Amino acid sequence: MATARKPLRELKHLDHILVSEAAIRRRVAALADEINRAYRGKDLTVIAIVNGAIIFTADLLRQLRSPLRLDCVRASSYHAGTAATGKPVIVDNLKLDIAGQHVLLVDDILDTGNTLSAVHELLLAKKAASVRTCVLLDKKARRVVPFEAEYVGFEIPNEFVVGYGLDFNERYRNLPCIGVLKRRYYAGNL
Ligand code: 5GP
Ligand code: MG
């Protein structure tokens, strides 16, 4: 029997829902199909950028059909609120040797491009055979570094979003959809 889910207790920071849970589910399935076609017959190493990519990666991975291994890199560019602090801090604690491997790099959102371009370079320096990138969200208007992902869930406008892994002060990661933060919480920071 289906049980109606109660809304999160703390939704006061949210302005509106941008991408529904159902739309995410459909798009993740379509992305997985695309990735499965591209890597058919190949082994894959998935590298997720945590914490933000945790939920997206968990949902995507269960629909990938290649034999795969999973590892994580920790990166942070937002230390408080919504203000970026410039260069991202990348903690390279990969356990897997990725030399000669096909790598799929997964993140929640492609924003300025600083994080993904830095991690992408790091993986190439470790001699990955190939590196492709998959992000749930892409804020093209914010790009500072030229970087594009091969697989993009949704292009979104220049607004601060939360949910499905994305946080505001470490909150809202458990929201099953993508919501937009009220402008007064990030005014001046985007
Ligand atoms: P970039 O290095 O591309 O500027 O930023 C990448 C990281 O910044 C993302 O992985 C994410 O953690 C954070 N970020 C960028 N835009 C947003 C946003 O709208 N909401 C949240 N919660 N995080 C964001
Ligand atoms: Mg992130």
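Select asparagine 169: is it buried, partly exposed or exposed? Asparagine 169 counts as partly exposed, because its relative accessibility is 43%. Buried means under 20% relative accessible area, exposed means over 50%, and partly exposed lies in between, using a 1.4 Å probe and protein chains only. Asparagine 169 lies in the loop between strand 8 and strand 9. It has a positive phi of about 50 degrees although it is not a glycine.

Two notes before you move on. This is a predicted model, where local features need pLDDT of at least 70 and side-chain atom pairs count only at pLDDT 80 or more, while totals for chains, interfaces and linings use all residues. Residues are numbered from 1 along each chain as its sequence is written, chains are lettered from A and ligands numbered from 1 in the order in which they are written, and side-chain values use heavy atoms, with hydrogens and water left out.

**Stop 1: the whole protein**

Show the cartoon. The protein has 3 helices and 9 strands. Helices (H or I, at least four residues) and strands (E, at least two) are DSSP runs, numbered from the N terminus. Of the 190 residues, 45% count as buried.

Now show the surface. Its accessible area comes to about 9900 Å², and 52% of that belongs to carbon and sulfur atoms. Accessible areas come from the Shrake-Rupley method with a 1.4 Å probe; for residues, only the protein chains shown count as cover.

Turn to contacts, meaning heavy atoms within 4.5 Å. Among contacts between residues at least 6 apart in sequence, 69% join residues at least 24 apart.

**Stop 2: helix 1**

Select residues 21-38. This is helix 1, with 18 residues. From first C-alpha to last it reaches 26 Å, close to the 26 Å expected at 1.5 Å a residue. The expected span is 1.5 Å times one less than the number of residues.

Which residues of helix 1 are buried? They are Ala23, Ile24, Val28, Leu31, Ala32, Ile35 and Asn36. These buried residues pack against several elements, including strand 1 (14-19), helix 2 (54-61) and strand 6 (130-138).

**Stop 3: ligand 1**

Select ligand 1 and the 16 residues around it. A residue is near a molecule if one of its heavy atoms lies within 4 Å of it. Thr112, Thr115, Lys139, Val161 and Asp167 come nearest. By class, the shell has 5 nonpolar, 5 polar and 6 charged residues. Here Ala, Val, Leu, Ile, Met, Phe, Trp, Tyr, Cys and Pro count as nonpolar, Asp, Glu, Lys and Arg as charged, and the others, Gly among them, as polar.

Strand 3 (68-80), strand 5 (102-110) and helix 3 (114-125) each supply at least two shell residues. Strand 5 gives the most, with 3 residues.

Next, look at the ligand's oxygen atoms. A polar side-chain atom of threonine 115 lies 2.5 Å from one oxygen atom of ligand 1. For glycine 113, a backbone N or O atom lies 2.9 Å from an oxygen atom of ligand 1. The protein covers 92% of the 510 Å² of accessible area that ligand 1 has on its own.

**Stop 4: aspartate 167**

Select aspartate 167, in the loop between strand 8 (161-162) and strand 9. It counts as partly exposed because its relative accessibility is 21%. Its side chain reaches the backbone nitrogen of glutamate 170 at 2.7 Å. That is a polar contact: a pair of N or O atoms within 3.5 Å; within protein, one must be able to donate a hydrogen and the other to accept it, and residues adjacent in sequence count only if both atoms are side-chain atoms.

The C-alpha atoms of aspartate 167 and glycine 52 are separated by 7.5 Å, though the residues are 115 apart along the chain.

**Stop 5: arginine 69**

Select arginine 69, in strand 3. Its side chain makes a polar contact with the side chain of threonine 45 (3.3 Å). The backbone oxygen of aspartate 97 lies 3.1 Å from a polar atom of the arginine 69 side chain.

**Stop 6**

Most residues other than glycine have a negative phi, and most peptide bonds are trans. Select valine 50 and asparagine 51: the peptide bond between them is cis, with omega near 10 degrees. Finish at lysine 127, in the loop between helix 3 and strand 6. Lysine 127 has a positive phi of about 70 degrees although it is not a glycine.
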